[in-house]
Amino acid sequence: MKDFHDLIVQRRSIRRYTDSPLSPDQVTLILQAGLLAPTSKSSRAWHFIAVEEKDMLERLAGCKSAGAASLPGCSLAIVVAVDSTVSEAWIEDAAVAATLMQLQAEDLGLGSCWVQVRGRFTADGTPAEEVVQESLLMPENITPVCIITIGNKNEERKPQNIEKLKWENVHIGKWSNDNTL
């Protein structure tokens with residue numbers, strides 16, 4: 001495992017992948033990271049749908065008018081969904097799980113990218129959630145929040161530049177416009 005700070009500095013959204021498949025062990029570790037994610041009141045209301053079939057990845061890419069082009073080229077897509085009837089913090093729970101899976105992918109040397117589903121639409125105005133639910137035969141009470149694309153990187157991105165961190169957005173003790181640390 002990399003140093004955690006190095007891991008978060010190195011992790012960047014990757015949208016181009018090689019054709020190399022992931023190993024079953026890699027897929028298991030990534031899904032396990034999601035299953036280990038903390039949830040509100042230990043509700044564990046999230047559900048993950050792992051998709052590797054190219055036809056389904058193409059179909060899912062049509063869930064919104066822009067921003068899903070990386071889906072057909074990835075080795076694995078994980079739909080992160082939540083039973084919104086189980087937890088009022090379902091969006092947060094899904095986001096935490098998705099982030100942990102992305103960090104696990106980076107730790108394995110893989111690339112990943114968050115594809116927003118909740119609140120997005122196809123070109124004709126159909127909610128992206130409906131397209132994903134129908135494509136994957138999901139129950140109505142299971143709401144897709146995002147799709148995480150994962151694969152072997154076919155592009156290099158520079159690490160985050162910590163010199164450009166927005167420290168002016170950090171407030172100590174109370175809101176202040178003078179944010180010197």
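**Figure 1. Lys-41, an exposed residue of the loop between α2 and β1.** Lys-41 has a relative accessible area of 72% and is therefore exposed, the cut-off being over 50%. The model shown here and in the other views is predicted. Lys-41 lies in the loop that joins α2 to β1. Its phi is near 55°, a positive value in a residue other than glycine. Most residues other than glycine have a negative phi.

**Figure 2. Arg-44 in the loop between α2 and β1.** Arg-44 also has a positive phi, near 45°, and is a residue other than glycine. With a relative accessible area of 52%, Arg-44 is exposed.

**Figure 3. The packing of helix α2 (residues 24-35) against helix α4 (residues 90-107).** Two packed helices are described by the angle between their axes and the distance between the axes. For α2 and α4 the angle is about 150° and the axes are 7 Å apart. Angles over 145 degrees count as roughly antiparallel, and α2 and α4 are therefore roughly antiparallel to each other. Their crossing is right-handed. On the α2 side, the contact is made by Leu-29, Ile-30, Leu-31, Ala-33 and Gly-34; α4 contributes Ala-97, Leu-100, Met-101, Gln-104 and Ala-105. Of the residues in this contact, eight are nonpolar, two are polar and none is charged.

**Figure 4. Helix α4 and the elements that cover its buried residues.** At 1.5 Å a residue, the 18 residues of α4 should span 26 Å, which agrees with the 26 Å between its end C-alpha atoms. The buried residues of α4 include Trp-90, Asp-93, Ala-94, Ala-97 and Ala-98. Further along the helix, Met-101, Gln-102, Leu-103, Gln-104, Ala-105 and Glu-106 are also buried. Among the elements covering these residues are the helices α1 (4-10) and α2, together with the strands β1 (46-51), β2 (76-83), β3 (111-116) and β4 (142-151). After α4 comes Gly-109, with a positive phi near 85°.

**Figure 5. Helix α5 (residues 128-135), largely enclosed by the rest of the structure.** Six of the eight residues of α5 are buried, so the helix is largely enclosed. The buried residues are Ala-128, Glu-129, Val-131, Val-132, Gln-133 and Ser-135. Their cover includes α3 (54-61), β2 and β4. Leu-137 follows α5 and has a positive phi, near 55°.

Note on methods
Residues are numbered from 1 along each chain as its sequence is written. This is a predicted model: local features need pLDDT of at least 70, side-chain atom pairs count only at pLDDT 80 or more; totals for chains, interfaces and linings use all residues. Side-chain values use heavy atoms; hydrogens and water are left out. Axes are lines fitted to C-alpha atoms, for helices over the stretch in contact, and angles run from 0 to 180 degrees between N-to-C directions. Helices (H or I, at least four residues) and strands (E, at least two) are DSSP runs, numbered from the N terminus. Angles under 35 degrees count as roughly parallel, over 145 as roughly antiparallel, 65 to 115 as roughly perpendicular and the rest as oblique. A crossing is left-handed if the near helix is turned anticlockwise from the far one by less than a right angle, and right-handed if clockwise. Contact means heavy atoms within 4.5 Å. Ala, Val, Leu, Ile, Met, Phe, Trp, Tyr, Cys and Pro count as nonpolar, Asp, Glu, Lys and Arg as charged, and the others, Gly among them, as polar. The expected span of a helix is 1.5 Å times one less than its number of residues. Buried means under 20% relative accessible area, exposed over 50%, partly exposed in between (1.4 Å probe, protein chains only).
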